[in-house]
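Welcome, and thanks for taking a look. Here is a short briefing to read alongside the model.

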Number of protein chains: 2
Amino acid sequence: MTSERQDELVVIALGGNALQRYGQRGTFEEQLENARVTAKQIVRLIRRGYRVVITHGNGPQVGAILLQQELASEQVPPMPLHACGAMSQGLIGYMIQQSLINELRAQGMEVPVATVITQVLVREDDPAFKNPTKFVGPWFSEEMAKKKMAEGWLMKYDVGKGWRRVVPSPDPIAQVEVEAIRRMVNSGIVVIASGGGGVPVVEKMGELRGVDAVIDKDLAGERLATLLGANLFVILTDVEKVALNYKKPNEVLLDVMNDEEAERYYREGHFPPGNMGPKVLASIRFVRNGGRMAIITKLDKLLEALDGKTGTRIVPK
Amino acid sequence: MTSERQDELVVIALGGNALQRYGQRGTFEEQLENARVTAKQIVRLIRRGYRVVITHGNGPQVGAILLQQELASEQVPPMPLHACGAMSQGLIGYMIQQSLINELRAQGMEVPVATVITQVLVREDDPAFKNPTKFVGPWFSEEMAKKKMAEGWLMKYDVGKGWRRVVPSPDPIAQVEVEAIRRMVNSGIVVIASGGGGVPVVEKMGELRGVDAVIDKDLAGERLATLLGANLFVILTDVEKVALNYKKPNEVLLDVMNDEEAERYYREGHFPPGNMGPKVLASIRFVRNGGRMAIITKLDKLLEALDGKTGTRIVPK
């Protein structure tokens, strides 16, 4: 499935803060402004001759869409979580795509940019389906939660906040649209894909079917980078470098680690699940699957990190 | 801008009923089932060797999304109409794309399919902006309508139903992503694009910016077909043929008309605005811009119509 490795091809995974920053309400104007800041950094890479594929999270956006489904549910049939994921891909893709096109044009570059609605295949027998762990959507009263559970949702009590739906977080296998994305990249298009980890689908009696689950966007990004044959996979987050003993007196910032070191730190519990954990895991997988280097850093250090001046590099042993 | 004309390339514009039929509530299951029926017909074309680009309406879907924005507006900042259009492209694209992939695979064909989030450029000085005519979104009480008008919306009274927002319906110039779509088509991808007429954008101080407007999906489809150099443009609707004196005792069903005849009938008022009018207008424009033939018919007659056995053909004089 893997193409020949491409040195100039970079897959970039944007963190949630690429569009909605802490404390913001998430208006369109706020998100678009953040997308513009992100686009400026990415266009610097394109100028340098890198071919770029972008993936992104969708936490705040799909949270808003899910709440809207609930609050309007008496008047409009709510869409299932997987379909809400596709809606969030449209919304976020639009903002990033428009910002990239504007920034490219401002610099006199006419490079085609396109967002692809992306499904990501997961295994129907993935153990995650037996142990849903991921909170999604709004909080409910106990009474409403009981009604939802009777309708088939699994819900858990989120301490101090109320009842909330939990869904599985299965491991991604592959982007269903990877061949389309490959051809787009090869024809010179900057592609935005696999947003929010992709719309999760299973194969059931030979057919793809959406399932209510949440795929980690960095693990899905690894699949995309590996299947496209990218040599570089960059995960952007809110810290410049990965740390051991994060925020403790003995904190150590890491410049580089090989996959074995990374795995040892991971097992020792240095990287919390739902935060740095999946980023390090995705990086380990990427270099073990043939990638030359994964980088974890923050947005405004993107180019410096690619030049080897900052960020945390994860390399094969 | 126009490529060499391509005989095997067909742009298909799906009517609203491709996903939501009269009387349906618009649940995900209903819409997906309709998408499957549509996909079966389109795959028959792909089997025949046609290369296919699909565009579609979004009326019921964006209506639902707009209502959800309103009903949740105290808790979640509502997205503007143009961003809701991008969400509907994600949602509808996902359903059509998954259905096409499933049907192609069932027939042993591995053809890549991808939905592209699409912006459509309109002129900032389009006269439509001075005379908004298109009703969108939910109905409001007079009190709420006054509040909305104070915030900048234009609203009109929709007889018997309440106050409703009206937005401009400007003429489409071009799909911003047309070069990406062209490259995708050339590399063998079945593309779904320009959904709901596209996300309307204007160029303001050199930058693209979303505007709250609604672009007719058939007129936008003509732009896509013409700019891609398709020789065939098929508009699917709920009638098999275009009629003169529609539903009157002297009704005449048309097999073929040239662009001059079509224009005369159009001016005589045979084709109501918001229904058959823009379909005929889009067809006239298509053949005047170099297209070989436009066809207006219904979904289950698609292949027969391409074979010249039914539907209404619009040809150059």
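Which residues of α5(B) are buried? They are B:V178, B:A180, B:I181, B:R182, B:M184 and B:V185, where buried means under 20% relative accessible area, exposed over 50% and partly exposed in between (1.4 Å probe, protein chains only). Helices (H or I, at least four residues) and strands (E, at least two) are DSSP runs, numbered from the N terminus.

This is a predicted model, in which local features need pLDDT of at least 70 and side-chain atom pairs count only at pLDDT 80 or more, while totals for chains, interfaces and linings use all residues. Residues are numbered from 1 along each chain as its sequence is written, chains are lettered from A and ligands numbered from 1 in the order in which they are written, and side-chain values use heavy atoms, with hydrogens and water left out.

**How the two chains are related**

**The interface**

- Chain B and chain A each bring 53 residues to the contact.
- Between them they bury about 4,700 Å², 62% of it on carbon and sulfur atoms; this is the accessible area (1.4 Å probe) that two parts lose on being put together, summed over both.
- There are 4 salt bridges between chain B and chain A, each a side-chain nitrogen of Lys or Arg within 4 Å of a carboxyl oxygen of Asp or Glu.
- B:R36 forms a salt bridge with A:E207, with the closest N and O atoms 2.9 Å apart.
- On the side of chain B that touches chain A, the elements giving two or more residues include α1 (28-47), α2 (59-71) and α5 (178-186).
- The most comes from α3(B), with 12 residues.

**Around B:G162**

- B:G162 is found in strand β7 (residues 162-167) of chain B and is buried, with a relative accessible area of 10%.
- Not counting residues up to four places away in sequence, B:G162 touches B:W139, B:F140, B:K156 and B:Y157.
- The C-alpha atoms of B:G162 and B:W139 are separated by 5.4 Å, although the two are 23 residues apart along the chain.

**After α5(B)**

- B:G188 follows α5(B) and has a positive phi, near 90°.

Note on methods:
Contact = heavy atoms within 4.5 Å.
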